[in-house]
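Please keep the sequence and the three-dimensional view at hand while reading.

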Amino acid sequence: MFNDEAQEAVEFKSSWKTERSSKNAGAQTSEIITYEADVQSIHRVDAETQTEEEDEKGKLVFVVEEENPGLVNFILRVYPEVSRQLQANITSHAFDGYEESIDESTSSVSCAHTLMNAALVEDELQVTGLSWNSTGSVIAVSYGRFDHEHWCSHKSALCTWNIDRRAIDPNKPDITIDLSSCLMCIAFHPNLPSVVAGGSFNGEIQVWDTGREDETVIATTGMGSDSHREPVSKVLWTLDSSSKGTKYQILSISGDGKVLVWQMTPGSRDLKLVGGFILQTDSVPRSMRLSKARGDAEMGVTSMSFSHEDRTLFVLGSEAGGVFKCSMTSRGPPVTNVQSSVPLRSPVTFAFSPHFGPVFSVDCSPYHRNLFLTCGTDASVRLYSMLQSKPLFSVEPGAGYLFRVRWSPSRPLVFSVVTADGRLLIYDLKVDRINPVVTLDVTTDKSPVYSLEYNLQRRQTLATGDSQGRIKIWRLSDELTTQSNREEEFLAVIANDTQTE
């Protein structure tokens, strides 16, 4: 019926619609004219100048136009020679150390204060020690006696004066702390201005806080088995190496030969023994021994001083006259014949030529790592070097026993000594190695002067304490406290020249 079939396409045009046509056209506006311009707000100008080498005549600066040809010729003629001499003076050392004296009064030493505790002077107590606090305004004084023949029965005291007070009473201390035994030595804390440590005749170490109104004792060793068995010769504060330089320990020395290290414990009044050393006869080479004591006999320690550059290095002076270089890091075998809760070792690393009698004082130089001074009953002051056993030189003032020697904190070549005949001697090695440049009569009756301390905060202040219980505060001259050119070099020359002899 139906079949699929494909046929060719057929087209036909519309009879009513015309064919459409298209055209392309373009439009363009007139040409736009533009202009470009630069604007800069900063105005720069570069300029250069260059000096040129001139001859000698060209170097002369004419201040005015001088019509006098004679003057101009004179200046031109002398200028080269004067200029050459001035240039030579710049490199010359001819006037090194010369200081013009502006005022004659600068060469004098005056006594600013004479202090005493009237009640203790009546008891015939002596000044056994002095110490300035960290601000330099307060001086602490320990009272006691050095001439005990048996057990101490004296009442003593720790006294302080503030020298900055307007209404300072020279006969009455600002603070007095009464004690039941002679106080033999004291030392203010390096940073805390009201904390002071002291050692007594009975061997006890105590620490006070003078800022407290009620209980001033903040720590003590008591009289236990670890405490000293002889009078304490010296106490001092030293940094605790385990605290990274933030805490201090107390060192004490005594006639029992011990050097003990004490630690303050927060919340406790007990000083804890954390280390120690002991000085025995076998520390001294046989050729230097002044007695035939057995090798394990204790040697009383009388004085001590730390090196200012190496805080593990210190020097000890002894009752037998021995002088020793010692180390806090000594690791020798502990002694077995002395009872102690901590091991006690010999600290000695080197022995120097001894004095002919007890050594009362040693002091390391703050300006030279190898130099230190000593003095004692043989009436001599000796300058030693850490590098050799014999003293570099010795001075004998002819004043009897010498009780204290101290380097000046401001002048490398100046040191002071106090004597048994009541004098204060000040030496200046730049001027004279043998004779003192200043001699002061501290006591009118030639009684001994036992104590001497420079004020580290006020370099022109020096204190002495005597056997009559009086303290004198001295004001030093500019000449004795102002360092001149090349002083430290001169001190090094003294050390080096003598060491090569």
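Does Arg486 count as buried, exposed or partly exposed? With a relative accessibility of 44%, Arg486 counts as partly exposed, because that class lies between the limits of 20% and 50%. The model discussed here is a predicted one.

## Two residues with positive phi

Arg486 is located in the loop that separates α3 (478–481) from α4 (487–499). Although Arg486 is not a glycine, its phi is positive, at about 65°.

Ala379 is likewise not a glycine and has a positive phi of about 65°. The loop that holds Ala379 runs between β19 (371–376) and β20 (381–385). Ala379 counts as buried, because its relative accessibility is 18% and the limit for that class is under 20%.

## An open sheet of four strands

Four strands make up an open sheet, arranged in the order β6-β7-β8-β9 with antiparallel pairing. Its edges are formed by β6 and β9 (217–220), each of which pairs on one side only. From one strand to the next, the twist averages 25°.

Within this sheet, β6 and β7 run antiparallel and are joined by five bridges. One of the paired positions is Ile186, whose bridge partner in β7 is Gly198. Strand β7 is also joined by five bridges to β8 (residues 205–209), again in antiparallel fashion. Here Ala197 has Val207 in β8 as its bridge partner. How enclosed is β6 by the rest of the structure? Six of the six residues of β6 are buried, so this strand is largely enclosed by the rest of the structure.

The strands β6 and β7 form a hairpin, with six residues between them. His189 belongs to this loop, which lies between β6 (183–188) and β7 (195–200). His189 is buried, because its relative accessible area is 10% and the class requires a value under 20%.

Which residues are in contact with His189, once its neighbours within four places in sequence are left aside? They are Ser134, Val195, Trp237 and Tyr248. The side chain of His189 also has a polar atom that lies 3.1 Å from the backbone nitrogen of Leu192.

## An exposed loop residue

Glu309 is placed in the loop between β14 (301–306) and β15 (313–318). Glu309 counts as exposed, because its relative accessibility is 54% and the class begins over 50%.

In sequence, Glu309 and Cys364 are 55 residues apart. In space, the C-alpha atoms of Glu309 and Cys364 are 9.9 Å apart.

## The second largest pocket

The second largest pocket holds about 490 Å³ of space. Its lining consists of 20 residues, and those nearest the centre of the pocket are Ser241, Gln249, Val261, Phe277 and Met328.

Which strand gives the most to this lining? The answer is β13, which contributes four residues. Both β10 (232–239) and β13 (271–278) supply at least two residues each to the lining of the second largest pocket.

Note on methods: Residues numbered from 1 in each chain as written. Predicted model: local features only at pLDDT ≥ 70, side-chain atom pairs only at ≥ 80, totals over all residues. Heavy atoms only, no water. Buried < 20%, exposed > 50% of the residue type's maximum accessible area, 1.4 Å probe, protein only. Polar contact = N/O pair within 3.5 Å; in protein donor to acceptor, adjacent residues only side chain to side chain. Contact = heavy atoms within 4.5 Å. Pairing = 2+ DSSP bridges. Axes fitted to C-alpha atoms, helices over the stretch in contact; angles between N-to-C directions. 1 Å grid on protein atoms, 1.4 Å probe; cavity = no way out; pocket = protein on both sides within 12 Å on 5 of 7 lines; lining within 4 Å. Points joined across faces, edges and corners; volume = space filled by probe spheres on them.
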